[in-house]
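Good morning, and thank you for coming. Please look at the sequence and the model on the screen, and I shall then take you through two parts of it.

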Amino acid sequence: IAAITGSASGIGAAVKARFEAEGFETIGVDLRNADIEADLSTEAGRAKAVSEILAGCGGALDRLVLCAGLGSSVKPASLICKVNYFGVVDLLDPLLPALAKGSQPNAVVICSNSAQIGDFSDHPYVVAMLEHNEAEACEVVDKLESSIIAYMASKHAVGRAVRRRAAEWGKASVRLNAVCPGPTNTPLLQGCIDDPLTREAIENLRIPLGRRGEPEDVANTVWFLSGEQANWMHGSILYVDGGNDAE
Ligand code: NAD
């Protein structure tokens with residue numbers, strides 16, 4: 001059984017389709033058009049998602065793929081923080097015991113290749129996220145002038161959150177990895193192309209392989225990371241971006 005957040009659109013929908021095509025039973029989580037309709041920007045929504053996933057898998061979960069996320073065009077900036085960071089860690093941690101009871105269990109988090117574009121390591125917003133201080137992170141980010149930083153730094157923090165958990169998850173024999181997609185044709189990317197603040201930057205991105213990604217390109221990478229062939233991959237961050245990060 002695989003639980004997938006953000007399952008109603010883009011990368012999450014492609015991941016769900018791929019797992020189903022490979023014979024998995026899936027539990028999709030999204031705001032709407034999903035098995036579990038939950039708002040991951042709220043504590044109550046995250047708790048609902050966790051308890052309904054646990055009920056749906058009978059307490060033993062094999063795969064967890066966290067795709068739900070918001071792009072930099074979304075306002076207020078704190079909403080990006082709530083979904084992209086807390087909507088991930090607040091599912092990862094309470095679902096670890098159920099994953100530990102699963103078969104070849106692992107989780108994959110969708111991060112972003114924009115996570116390392118700026119130097120966010122000691123940014124108060126990132127520090128607050130990593131300290132799990134949601135109120136502080138939201139307050140700091142809403143004072144910033146740019147939702148772009150809100151997005152990139154939320155992905156920077158989520159990548160570090162994945163790596164920080166390697167010891168604990170390894171002890172439980174549950175693999176945890178992240179995928180960093182580059183620009184992928186989904187409604188989220190379209191929102192950024194429609195936003196005059198980011199349109200030019202996205203259109204000018206250099207992608208050595210000469211095209212943007214499709215959701216299936218990312219789903220293929222998630223499928224690889226979650227499968228037996230990646231059995232010794234843990235705490236890793238894998239880029240799938242047509243070479244964009246290398247540029
Ligand atoms: P998308 O908009 O197609 O899908 C995102 C999904 O998340 C939607 O179905 C949406 O309803 C859901 N979601 C948003 N807020 C939610 C909330 N509060 N509660 C529950 N669900 C919520 O976008 P996508 O491009 O497929 O994004 C998937 C992931 O990939 C995101 O984490 C995004 O940051 C990441 N990503 C995307 C790109 C890209 O270029 N598309 C690049 C790098 C990373």
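I begin with the ligand. A backbone N or O atom of Leu-40 lies 2.9 Å from a nitrogen atom of the ligand. This is a polar contact, that is, a pair of N or O atoms within 3.5 Å; within protein, one must be able to donate a hydrogen and the other to accept it, and residues adjacent in sequence count only if both atoms are side-chain atoms. An oxygen atom of the ligand is 3.4 Å from a polar backbone atom of Gly-10, and a backbone N or O atom of Gly-69 is 3.5 Å from an oxygen atom of the ligand.

How much of the ligand does the protein bury? Taken alone, the ligand exposes 820 Å², and the protein buries 92% of that; these areas come from the Shrake-Rupley method with a 1.4 Å probe.

Before I continue, a word on the source. This is a predicted model, in which local features need pLDDT of at least 70 and side-chain atom pairs count only at pLDDT 80 or more, while totals for chains, interfaces and linings use all residues. Residues are numbered from 1 along each chain as its sequence is written, and side-chain values use heavy atoms, with hydrogens and water left out.

Around the ligand there are 28 residues, each with a heavy atom within 4 Å of it. The closest are Ser-9, Ile-11, Asp-30, Thr-184 and Thr-186. The shell divides into 16 nonpolar, nine polar and three charged residues. Helix H8 gives the largest share of this shell, three residues.

I now turn to the aromatic rings. The structure holds four aromatic pairs, counted where ring centres of Phe, Tyr and Trp (its six-membered ring) lie within 6.5 Å; planes under 30 degrees apart are stacked, over 60 edge-to-face, and the rest tilted. Why is the pair of Phe-19 and Trp-223 edge-to-face? Their centres are 5.1 Å apart and their planes stand at 80°, so the pair is edge-to-face. Phe-19 lies in helix H1 and Trp-223 in helix H10, so this pair ties together parts that are 204 residues apart in sequence.

Phe-19, at 0% relative accessibility, counts as buried (under 20%; exposed is over 50%, and partly exposed in between). Trp-223 also counts as buried, at 19%. The rings of Phe-24 and Trp-223 have centres 5.9 Å apart and planes at 90°, so they too are edge-to-face.

Notes:
Helices (H or I, at least four residues) and strands (E, at least two) are DSSP runs, numbered from the N terminus. Buried means under 20% relative accessible area, exposed over 50%, partly exposed in between (1.4 Å probe, protein chains only). Ala, Val, Leu, Ile, Met, Phe, Trp, Tyr, Cys and Pro count as nonpolar, Asp, Glu, Lys and Arg as charged, and the others, Gly among them, as polar.
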